[in-house]
Amino acid sequence: MTAALAAEGVTIVDDIRYIQRGYEDFHLKLQALGAQIELVQKERDFQKFEMRVG
């Protein structure tokens, strides 16, 4: 996760069940720190996010 946040461009992290199990609302906490991150369930939702962040 740390490498994904430091990388340039868009990074996809999948199979995040262990993160979700260990940290409640992890993506919201990262957003509060300024990360451009979104939890998506479908490819279409990812495409919308990718268009927003460029």
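**View 1. The lining of the largest pocket, sorted by residue class.** In the lining of the largest pocket, 18 residues are nonpolar, seven are polar and seven are charged (nonpolar covers Ala, Val, Leu, Ile, Met, Phe, Trp, Tyr, Cys and Pro, charged covers Asp, Glu, Lys and Arg, and the others, Gly among them, are polar). This is a predicted model, in which local features need pLDDT of at least 70 and side-chain atom pairs count only at pLDDT 80 or more, while totals for chains, interfaces and linings use all residues. Residues are numbered from 1 along each chain as its sequence is written, and side-chain values use heavy atoms, with hydrogens and water left out.

**View 2. The space inside the largest pocket and the elements around it.** The largest pocket holds about 870 Å³ of space. Its lining is made up of 32 residues, and those closest to the pocket centre are Thr11, Ile12, Val13, Ile37 and Glu38. Two or more lining residues come from each of helix 1 (2–6), helix 2 (17–22), helix 3 (26–32) and helix 4 (43–53), and helix 4 gives the most, with four residues. A pocket is an open set of points on a 1 Å grid over the protein atoms alone, where a 1.4 Å probe fits and protein lies on both sides within 12 Å along at least five of seven lines; lining residues have an atom within 4 Å of a point. Helices are DSSP runs (H or I, at least four residues), numbered from the N terminus.

**View 3. Lysine 48 in helix 4.** Lysine 48 is part of helix 4, and it counts as partly exposed because its relative accessibility is 45% (partly exposed lies between buried, under 20% relative accessible area, and exposed, over 50%, with a 1.4 Å probe and protein chains only). Between the C-alpha atoms of lysine 48 and glutamate 38, which are ten residues apart along the chain, the separation is 11 Å.

**View 4. A nonpolar surface patch that includes leucine 5.** Met1, Leu5 and Val13 together make a nonpolar surface patch of about 230 Å² (patch residues have over 30% relative accessible area and no salt bridge, and nonpolar side chains are joined within 5 Å). Leucine 5 belongs to helix 1, and with a relative accessible area of 44% it is partly exposed.

**View 5. The salt bridge between aspartate 15 and arginine 17.** A salt bridge (a side-chain nitrogen of Lys or Arg within 4 Å of a carboxyl oxygen of Asp or Glu) joins aspartate 15 to arginine 17, with the closest N and O atoms 2.7 Å apart. By this rule the count comes to one salt bridge. Side chains of opposite charge can pair when their charged atoms come close. Aspartate 15 sits in the loop between helix 1 and helix 2, and although it is not a glycine, it has a positive phi of about 55 degrees. Arginine 17 is partly exposed because its relative accessibility is 49%.

**View 6. Aspartate 25 and phenylalanine 26.** Aspartate 25 is placed in the loop between helix 2 and helix 3; it is not a glycine, yet its phi is positive, at about 50 degrees, and at 41% relative accessibility it counts as partly exposed. Phenylalanine 26 is found in helix 3 and is partly exposed, with 23% relative accessibility. Phenylalanine 26 and glutamine 47 are 21 residues apart in sequence, and their C-alpha atoms are 21 Å apart in space.

**View 7. Isoleucine 19 in helix 2.** Isoleucine 19 lies in helix 2, where its relative accessibility of 23% makes it partly exposed. From isoleucine 19 to methionine 51, the distance is 32 residues in sequence and 25 Å in space, C-alpha to C-alpha.

Notes. Grid points are joined across faces, edges and corners, and a volume is the space filled by probe spheres set on the points. Patches are made of residues with over 30% relative accessible area and no salt bridge: like charges are joined within 9 Å, nonpolar side chains (Val, Leu, Ile, Met, Phe, Trp, Tyr) within 5 Å. Accessible areas come from the Shrake-Rupley method with a 1.4 Å probe; for residues, only the protein chains shown count as cover.
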